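Q: I would like to go through the charged side chains of this structure. Could you show it first?

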Amino acid sequence: MKNYFDVLRTCPLFHGISEQDLGAMLSCLGARAFRCKKGETLTARGKPQDFAD
């Protein structure tokens, strides 16, 4: 996940968090990187979805 630290630091949610703390937070949250196709819908497992137009 270290490859994404520079990008994550641009997000206000992670502003001012040290690299060490950011790594610990992402580990604790179970963060992972994955690839998806353009236009693909991403959802959270176990959450109800509403795909009404």
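A: Let us begin with a definition: buried means under 20% relative accessible area, exposed over 50%, and partly exposed in between (1.4 Å probe, protein chains only). This is a predicted model, in which local features need pLDDT of at least 70, side-chain atom pairs count only at pLDDT 80 or more, and totals for chains, interfaces and linings use all residues. Residues are numbered from 1 along each chain as its sequence is written, and side-chain values use heavy atoms, with hydrogens and water left out.

Q: Is Lys 2 buried or exposed?
A: Lys 2 is exposed, with a relative accessible area of 60%.

Q: Which residue forms a salt bridge with Lys 2?
A: Glu 19 does, and the closest N and O atoms are 3.6 Å apart. A salt bridge is a side-chain nitrogen of Lys or Arg within 4 Å of a carboxyl oxygen of Asp or Glu.

Q: How many salt bridges are there by this rule?
A: The count comes to three.

Q: What about Arg 9 and Glu 19?
A: Their side chains meet in a salt bridge at 3.5 Å, N to O. This pair links distant parts of the chain, 10 residues apart: Glu 19 is in helix H2 and Arg 9 is in the loop between H1 and H2. Helices are DSSP runs (H or I, at least four residues), numbered from the N terminus.

Q: Where does Asp 6 come in?
A: Asp 6 forms a salt bridge with Arg 9, with 3.3 Å between the closest N and O atoms. Asp 6 counts as exposed at 60% relative accessibility, and Arg 9 as partly exposed at 32%.

Q: Which residues are linked in a network?
A: Salt bridges link Lys 2, Asp 6, Arg 9 and Glu 19 in a network.

Note on methods:
Helices (H or I, at least four residues) and strands (E, at least two) are DSSP runs, numbered from the N terminus.
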